[in-house]
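Please look over the sequence and the model below before reading on.

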Amino acid sequence: MKYTALYEKHLSLNAKMIEYAGFEMPLQYKGISEEHLAVRHQFGIFDVSHMGEFLIEGKDALPFVNYLITNTILENFEKVTYSLMCDENGFVVDDLLVYPINHEKILLVVNAGNTEKDFDWVVKQTKKFDVKAINASIEYSQIAIQGPQSIDKIKEIIGEDVTDLKFMTYRFVKILGEDVIVSRTGYTGEDGFEVYGPHHIVTHIWDKTIEAGAQPCGLGARDTLRFEANLPLYGHEISETINPIEAGLGFAVKLDKDFIGKEALALYKQDPKRKIVGLELLERNIPRADYEVYHHDEVIGHVTTGYLLPEVETPLALVLIDKLYSELGTLLHVKIRNKLVLGRIRNRKFYDKNYKK
Amino acid sequence: MILEGLRYQESHEWIKVEGNVGLIGISDFAQHTLGSIVFIELPKVGQTLKKGDTFGAVESVKAASDLYMPVSGKVIEINESLEDTPEAINDDAYANWILKVELSNPEELNSLLDSKQYEPFTEE
């Protein structure tokens, strides 16, 4: 079992701990609903130190990363880019955030559960490039400070005004003599910051954020928040059997450049067979991941994620279904404990995101 | 907290018997483990269920937990107030019964656990 540098903090806050991606992580402190609402209306802090961090270093860093991932990275050393990396068949190896630090150094942030697999994959792709890949995951702690009040509090927390940062940009900030990445990013649909740095500095920032009144939030609320904000989770909306076009992530797939999986995705895009759409149930129940979706007697797909969310009356789901039945308003059933529960296809905008553009 | 005088099963349902009628709910341990309950699926009145059958589910934000019949019988009443306020089970798991059954085989009660026997199943 692996532990983050904040493990003792979680125990002292009476977190309910679970094993996730080989780490002992907080599922919840006060309760998933309470934490979800704290992020929506005040602010919260998440330990996300389990995430993986790779450094790509060398002369070919930029061309290599642009070959590795589906999105395009420009020579803009303030911008954070969301992307996917795919295999030759266009299926998703992982989704990731890319931080270009300079021409010869790029930081990739990947999912905890995929870190080892991803690193093997990345190293395998470096062969034809003048780069080396370094798995720096154990050197970084990472926290996310999310919610409307995080903007008023961030200066008090890190000792520097970074509120000029726009959504999906970052910069280095010196905290206690060390360089720390502060980025205006997150996985909640709310405005906020993510901070990456050495363990003792991030632990210090954790304490300052709690002192400033943030609600500590666990993986439970992290999942309800990202779902409500329509953000994908690896293993659910994207996976080794789901491609980015099906997942509705075409905006992060740039077919005007060369990258691994390009041909397969260009071909798939001409005639997509499946699609992830939003679904609302017309009666009260909870559509959970992997439940089957029916059109009359026929199984046409499954739920990728579903919840009865705090402050939302209607049970909501994301469903991956046959594209033939994906039109808005189509009536479908979700099989819940051997009962077919009626639902209707809706848009995926469950929540209006509050980003600083 | 385990209430004395009730019968339990390992899957954390309790039954309180009065004559030929049993009140069925979930234990305090079960509600605590589950966390805030946001939804409960109830059976239909008149339904006949066998011991071990699934009669519904309780769900928190994160997880669904099936409910199993501790005995066989016919559903004669359901606690409809739980449809609007399932969180009442979090407040008092023993006062808020889920369904009332007419027992078809009272001998099955002998196979259930008493409060002492149930205790080991509530150790985390």
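**Reading the predicted complex**

Chain B has 4 helices and 9 strands, where helices (H or I, at least four residues) and strands (E, at least two) are DSSP runs numbered from the N terminus. Read along the sequence, these elements of chain B follow the pattern β-β-β-α-β-β-β-β-β-α-α-β-α. The radius of gyration of chain B, taken over C-alpha atoms, is 13 Å, close to the 14 Å that the globule rule gives for 124 residues, so chain B is as compact as a globular protein of that length; the rule itself is 2.2 Å times the number of residues to the power 0.38.

This is a predicted model, in which local features need pLDDT of at least 70 and side-chain atom pairs count only at pLDDT 80 or more, while totals for chains, interfaces and linings use all residues. Residues are numbered from 1 along each chain as its sequence is written, and chains are lettered from A and ligands numbered from 1 in the order in which they are written. Chain B averages a pLDDT of 96, with 99% of the residues scoring at least 70; pLDDT is the predictor's confidence in each residue, from 0 to 100. For the complex, the predictor gives an ipTM of 0.88 and a pTM of 0.95.

The C-alpha atoms of chain B fill a box of roughly 35 × 30 × 20 Å along the principal axes. Of its 124 residues, 37% count as buried, that is, 20 or more other C-beta atoms, placed from the backbone, lie within 10 Å of the residue's own. Among the contacts in chain B with a separation of 6 or more, 63% come from residues 24 or more positions apart, a contact being two residues whose C-beta atoms, placed from the backbone, lie within 7 Å.

Where chains A and B touch, the contact takes 12 residues from chain A and 11 residues from chain B. On the side of chain A, α2 (32-41) and α7 (219-228) each supply at least two residues.

Within chain A, 6 of the 7 residues of strand β17 (residues 316-322) are buried, so this strand is largely enclosed by the rest of the structure. Strand β14 (residues 274-281) of chain A runs antiparallel to β17(A) and is joined to it by 7 bridges, with I276(A) opposite L320(A); two strands pair if DSSP finds at least two bridges between them. Strand β16 (residues 298-307) of chain A also pairs with β17(A) in the antiparallel sense, over 6 bridges, and there V303(A) stands opposite V319(A).

How values were computed
A residue is buried if 20 or more other C-beta atoms lie within 10 Å of its own, exposed if 12 or fewer, and partly exposed in between; C-beta atoms are placed from the backbone.
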